[in-house]
Amino acid sequence: RPRIASRVPGMELETTYVDVPIGDATMRTLVAAPANENQYPGIVFYSDIFQLTPSTTRWVKRLASYGFVVAAPEIYYRIEPAGTVLEFDDEGKTRGQADVDALTAAQFDEDITGTLEWLGGYSRVTSGPLGVAGHCTGGHIGFRAALSPAVAATALWYPTGLQNGKLGADADAGSLDRASAISGELLMIFGARDPHTSAAERAVVRAALDAAGTTYEWAEFNAEHAFARDVGPRWNPAATDDAFAQTVAFFTRTLE
């Protein structure tokens with residue numbers, strides 16, 4: 001049996017794609033892990049509406065290099081052909097938003113269950129609890145993943161729709177109303193200049209977490225929405241580095 005390794009940053013990586021079974025279908029999933037025979041804690045990562053873009057895969061690989069097995073599914077596998085990546089332009093945004101709006105919270109929940117079950121049984125993953133991370137829409141999906149008792153730690157970067165429950169085809173998926181079911185810890189990261197989640201809307205999210213007794217860390221940076229996307233004018237390298245360091249420390253502490 002592979003030994004459990006300590007998490008040392010800067011490890012060489014290997015990446016592969018696997019087909020995670022979801023009902024009668026399969027969900028193409030990128031898996032990044034240190035390039036050795038050891039076991040590491042597992043983290044599921046949910047992307048923004050553009051799916052597994054080069055920017056997103058760089059983020060996934062960077063996280064894996066700190067000693068994690070990171071699995072990033074294609075969230076549109078029910079709609080788009082495997083391997084679909086959308087461009088950061090108006091056409092890509094319109095198509096991505098249409099894809100998200102065609103999916104229900106119940107479908108995302110089914111995908112979450114299947115992915116957590118697969119990752120929990122993956123030979124490269126330790127037998128301990130799992131982690132979850134997500135950006136933008138993937139942050140909202142990640143919040144719902146945090147409802148699983150198998151998840152001990154969830155890092156959500158600028159999640160959208162939590163304040164009003166909007167997720168895909170559901171005008172109100174009731175995500176925040178279920179916050180008391182989260183047994184693990186949350187790390188909530190926002191840009192203070194995020195037009196998708198205003199200061200007042202962030203206050204709604206925080207008040208709901210407090211009312212539910214959720215254990216969480218909260219961080220806001222002087223940045224816009226999607227500030228970790230390392231292409232385009234929104235990218236804020238300093239905020240990204242600080243938020244990433246906080247994320248690594250969070251997972252290192254909680255996934256022991």
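Helix axes here are lines fitted to C-alpha atoms over the stretch in contact, and angles run from 0 to 180 degrees between N-to-C directions. Keep in mind that this is a predicted model.

**Exercise 1. Find in what order the eight strands form the open sheet, and which strands stand at the edges.**

Step 1. Walk across the sheet from one side: the order is E1-E2-E4-E3-E5-E6-E7-E8, and the pairing is mixed.

Step 2. Look at the two ends. Strand E1 (13–22) and strand E8 (215–221) each have a single partner strand, so one side of each is left without a neighbour in the sheet.

Step 3. Now follow the twist, which averages 20° from one strand to the next.

Step 4. Zoom in on one pair. Strand E6 (residues 151–157) and strand E7 (residues 185–191) run parallel and are joined by five bridges. In this pairing, Ala-153 stands opposite Glu-185 of E7.

**Exercise 2. Work out which strands helix H4 and helix H6 lie across.**

Step 1. Start with H4 (residues 137–145): it lies across strand E3 (42–46), strand E5 (130–135), E6 and E7. Its direction makes an angle of about 155° with E5.

Step 2. Turn to H6 (residues 237–254), which lies across E3, E5, E6, E7 and E8. Relative to E6, H6 runs at about 175°.

**Exercise 3. Describe how helix H3 packs with H4.**

Step 1. Take the geometry: H3 (residues 105–120) and H4 pack at an angle of about 65°, and their axes are 10 Å apart. The crossing of H3 and H4 is right-handed.

Step 2. List the residues that meet. From H3 come Ala-105, Phe-108, Asp-109, Ile-112 and Leu-116, and from H4 come Ile-141, Arg-144 and Ala-145.

Step 3. Sort the residues of this H3–H4 contact: six are nonpolar, none is polar and two are charged.

**Exercise 4. Decide how H1 and H6 are oriented to each other.**

Step 1. Read off the angle: helix H1 (residues 54–64) and H6 pack at about 45°, with their axes 11 Å apart.

Step 2. Apply the cut-offs. Under 35 degrees counts as roughly parallel and 65 to 115 as roughly perpendicular; H1 and H6 are therefore oblique to each other.

Step 3. Name the contact residues: Trp-59, Arg-62 and Leu-63 of H1, with Thr-240, Asp-241, Phe-244, Val-248 and Phe-251 of H6. The residues of this H1–H6 contact divide into five nonpolar, one polar and two charged.

Methods:
Residues are numbered from 1 along each chain as its sequence is written. This is a predicted model: local features need pLDDT of at least 70, side-chain atom pairs count only at pLDDT 80 or more; totals for chains, interfaces and linings use all residues. Side-chain values use heavy atoms; hydrogens and water are left out. Two strands pair if DSSP finds at least two bridges between them. Helices (H or I, at least four residues) and strands (E, at least two) are DSSP runs, numbered from the N terminus. Contact means heavy atoms within 4.5 Å. A crossing is left-handed if the near helix is turned anticlockwise from the far one by less than a right angle, and right-handed if clockwise. Ala, Val, Leu, Ile, Met, Phe, Trp, Tyr, Cys and Pro count as nonpolar, Asp, Glu, Lys and Arg as charged, and the others, Gly among them, as polar. Angles under 35 degrees count as roughly parallel, over 145 as roughly antiparallel, 65 to 115 as roughly perpendicular and the rest as oblique.
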